[in-house]
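Thanks for coming. I will go through one model this morning, starting with the fold and ending with one residue.

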There are 2 protein chains.
Amino acid sequence: MIERIPNNELRSKVMTAQEAAQIFKDQMIVGSSGFTRGGDSKVVLKALAERNQIENIKITLITGASLGHDTDGALAHNHALHKRLPFQVDRTLRKEINNGNVLFVDQHLSKTSDLISNGTFPIDVGVLEVAEILEDGHLVPTTSIGNNVAIAENAQKLIIEINTSIPKNIRGIHDIYSVNEHQNKPINICSASDRIGTDTIKVDPKKIVAIVFQDIQDAPGDITPPDEQTEAIAKNIVRFLENEVKQGRLDNSLRPLQCGIGKVANAVLGGMIDSDFENLTMYSEVFQDSTFDLIDSGKLVFASASAMTVSPECYNRVIHHIDNYKDKIVLRPQNISNSPEVIARLGVIGINTSLECDIYGNVNSTHVIGTNMMNGIGGSGDFARNTYLSIFVTSSTAKDGKISSIVPMVTHVDHSEHDVDVIVTEQGLADLRGLAPRERAKVIIENCAHTDYKQELLSYYERACQERGGQTPHLLEEAFSWHTRLRETGTMKKA
Amino acid sequence: MIERIPNNELRSKVMTAQEAAQIFKDQMIVGSSGFTRGGDSKVVLKALAERNQIENIKITLITGASLGHDTDGALAHNHALHKRLPFQVDRTLRKEINNGNVLFVDQHLSKTSDLISNGTFPIDVGVLEVAEILEDGHLVPTTSIGNNVAIAENAQKLIIEINTSIPKNIRGIHDIYSVNEHQNKPINICSASDRIGTDTIKVDPKKIVAIVFQDIQDAPGDITPPDEQTEAIAKNIVRFLENEVKQGRLDNSLRPLQCGIGKVANAVLGGMIDSDFENLTMYSEVFQDSTFDLIDSGKLVFASASAMTVSPECYNRVIHHIDNYKDKIVLRPQNISNSPEVIARLGVIGINTSLECDIYGNVNSTHVIGTNMMNGIGGSGDFARNTYLSIFVTSSTAKDGKISSIVPMVTHVDHSEHDVDVIVTEQGLADLRGLAPRERAKVIIENCAHTDYKQELLSYYERACQERGGQTPHLLEEAFSWHTRLRETGTMKKA
């Protein structure tokens, strides 16, 4: 255990999580590791939440993305959060956000490090999970990198959690690159597998004020098996990509894939196993089980991301045999995994989920009925805006058909009509490239909407054309009537 | 004149505009030079419009951006356009678009060349204005580059207009770079003045099927002198940037500037002349008069764009003394001037205009009352999404105060809350960086809204918080009531 701190001076900083949590003060800005459950603080932030059972400390908490082990929930439950960014998925925290008790800055994941570096959020304390601290103080990350580089560079003080459940030979799967140290230079990644950095995070050891040992595995990722709907969506995407190959716009190894998180993403990657595609690569944010299944199948030759969130089975398969994967995966800081520059250069194919799409191709990824936050935009905008192909997927209905995911007008726009190339539901696929809004409406309603809502959508569109016209025909007084009906009657269906 | 075609074989292709216009056939896809009035087709597209007075040919027309000399209007008036992209500013064309007679694909200017290269829009005929055709067939562009490189590479046939009013020594102000020839490589521009290409456009001379001489200057750019409002907006921006310098986030030469087109942009750049900033650079889309005024004043040391649109006085000053400016300006293809990669790397400060902003920081740049197209998104999204600072400006009211430009909810989102850092009106400035939606609402209403609308905006916000809550409190049934009132009564003000 202690051999994970070869530096004698640093060994004197070892303390308990409760002692380390005393470092936090009210109104501090705290930066923490953790990206979609991977590599998050396991004990120190939890200790802060416990401390707040009797105290009243409120911090601004900046992470890579969401945390695991109910940490966000515990912090929110104990009123320890003043502001939170850039992403979350926790039920308790979500409630506090929507009640207006926690301020949530829903941000492109590639952008947060800029706000840390330029002093918009000067980090008082950073909390980073690592596998070990080297003699010179440099850090070996664990299962995510997230914003750890920007936090290490900019934090006044650092609390380090050493996770001894992570084997030391994890060193080498990371590619650490500081955008700050290379200002005004190209980020020289020209294929998903390119490495441009080092394998550890540089840090001034004087900043390290506390070291805490823990041995807690990442909270397991959800893996919902594909159902009929997600399989149909996956099939529609695979068929579309096969046709792109046939048309000569893509070759048989496609372009690097990015897949959002969740069962649709898992189904899409699962669908690739039985496809004719070969030598696939991935330039994404997060590895899920399906990533490693696709690697093991031989279809996926290299995968790049910022974090992993997998099932316990997959965790053991990968983490305890990490040497088998070292030439096939790399983890990067999230301003590199989600870098608009690299995404554009590689011509990534981005597949992200939406809550609702409208008939003109605008996408809402975040807000329920226009007001309530679900999780956040995450990296979907980083990819959608700069990908070669920006694909959004959703089931055509939700809540047993009471909600249509295709609506006259979305109640919140995260991805504008300008950034959406393809919309896919289990019903079919709408290829919007090169189409004007009136063309898009017809193909989205025809191909993607559920039968139960098709006629009413068409009626809205036709009346809007007739009564108002314009580039994007809308009846503003009726545009949200489906959502109003849902709020009032529990369904978007007319009585 | 004829010495502008040193190649004998090509000299045989010289013909009149009317003869060249016979090359167009119904349903063709035509790519043309022209970006914000600069370097557009002056006679051949006009001849097509005339031909259509008795014929019925409809084309898809793809340009850099808007055209000058009423060309778009003449084509629209004579029903020669089936589809138009990616930008326009013409009154007649706008009417036809909003009537549903012309399909308009409103697109990020950096993206159009992708649709040309990947075959979504296979170009049948390209029409390019040049200053001369070299012996090997290569082309010297004039006052814009736009999508000329992609058109030259992909068109089946090319019609060349040689503009003899452009002096031959314009050669050298262009930096021609083909993204296609450098796939998966960094676009190696690390400062606004970097050159990475050649001074002519490579072309297969066999593609050139017609050459037409003309000597028509670009249609003059509008230069409305600053008024009280635009000067107040400019002052707010200069004061904000001065404070960024004071805070240490920027140095005294700022970062490369991008300014949208129009009187606000001219006022902002005008305001820079009397500022303490020095050694400014510009990485933008278009040069206006103010660009050259700022260069002549010594404040602006280098400017990069894709086109110029200036007054006749400025045109003469620059074009006829172009050697004086060759080390201070460069014109680039629009997928380079607007490249997300380069914009992000240089940390451009983007200043763009909006039609309306909402209290949560979403911006509508394109649609009047949600339906009718004004001009198009242009390059504003290319910049806003990837700049270091994304600033949007608007007067707080329009139409003698009958319209508030700050509204409860915008009727069309071109730039989502995630992409807007600062909103500026003549009333003041809202710095939204790091703020959650509820914080943004307060600062936008307080700093940017006009007094006449402030109370009602605040009332909307407070009732939305109380009655619905959420991350982004809205009363959906009331969100567009201001627009509905405007449509019905001619004003957003309550009776």
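Chain A has 17 helices and 25 strands. Helices here are DSSP runs of H or I with at least four residues, strands are runs of E with at least two, and both are numbered from the N terminus. Before going further: this is a predicted model, where local features need pLDDT of at least 70 and side-chain atom pairs count only at pLDDT 80 or more, while totals for chains, interfaces and linings use all residues. Residues are numbered from 1 along each chain as its sequence is written, chains are lettered from A and ligands numbered from 1 in the order in which they are written, and side-chain values use heavy atoms, with hydrogens and water left out.

Overall dimensions next. Along its principal axes, the C-alpha atoms of chain A fill a box of roughly 75 × 50 × 45 Å. A compact globule of 495 residues would have a radius of gyration near 23 Å, and chain A agrees, at 23 Å. That radius is taken over C-alpha atoms, and the globule rule is 2.2 Å times the number of residues to the power 0.38.

Of the 495 residues in chain A, 65% are buried. Buried means under 20% relative accessible area, exposed means over 50%, and partly exposed is in between, with a 1.4 Å probe and protein chains only. Chain A exposes about 16,500 Å², 47% of it from carbon and sulfur atoms; the areas come from the Shrake-Rupley method with a 1.4 Å probe, and for residues only the protein chains shown count as cover. Among contacts in chain A with a separation of 6 or more, 72% are between residues 24 or more positions apart. A contact is heavy atoms within 4.5 Å.

Now the two chains. How is chain B laid on chain A? By a turn of 180° and a shift of 0.0 Å along the axis, with an RMSD of 0.0 Å. The copies are thus related as by a two-fold rotation axis. Superposition is by least squares on the C-alpha atoms of residues with pLDDT of at least 70 in both. In chain B, the C-alpha nearest the axis belongs to Glu341(B), at 2.1 Å. Both copies use the same surface, since 100% of the contact residues of chain B recur in chain A.

On to aromatics. Over all chains there are 9 aromatic pairs. Rings of Phe, Tyr and Trp (its six-membered ring) pair if their centres lie within 6.5 Å; planes under 30 degrees apart are stacked, over 60 edge-to-face, and the rest tilted. Phe480(A) and Phe480(B) are stacked, because their ring centres are 5.0 Å apart and their planes at 25°. Each lies in the loop between helix H16 (451–467) and helix H17 (481–489) of its own chain, so the pair joins two chains. Phe480(A) is buried at 4% relative accessible area, and Phe480(B) is buried at 4%.

Tyr453(B) and Trp482(B) form a tilted pair, with centres 5.6 Å apart and planes at 35°. Tyr453(B) is in helix H16 and Trp482(B) in helix H17 of chain B, so the pair ties together parts 29 residues apart in sequence. Tyr453(B) is buried at 1%, and so is Trp482(B), at 1%.

Last, Leu280(B), in strand S10 (residues 280–283) of chain B. Buried or exposed? Leu280(B) is buried, at 0% relative accessibility. Leaving out residues up to four places away in sequence, Leu280(B) touches several residues, including Leu254(B), Met272(B) and Phe302(B).
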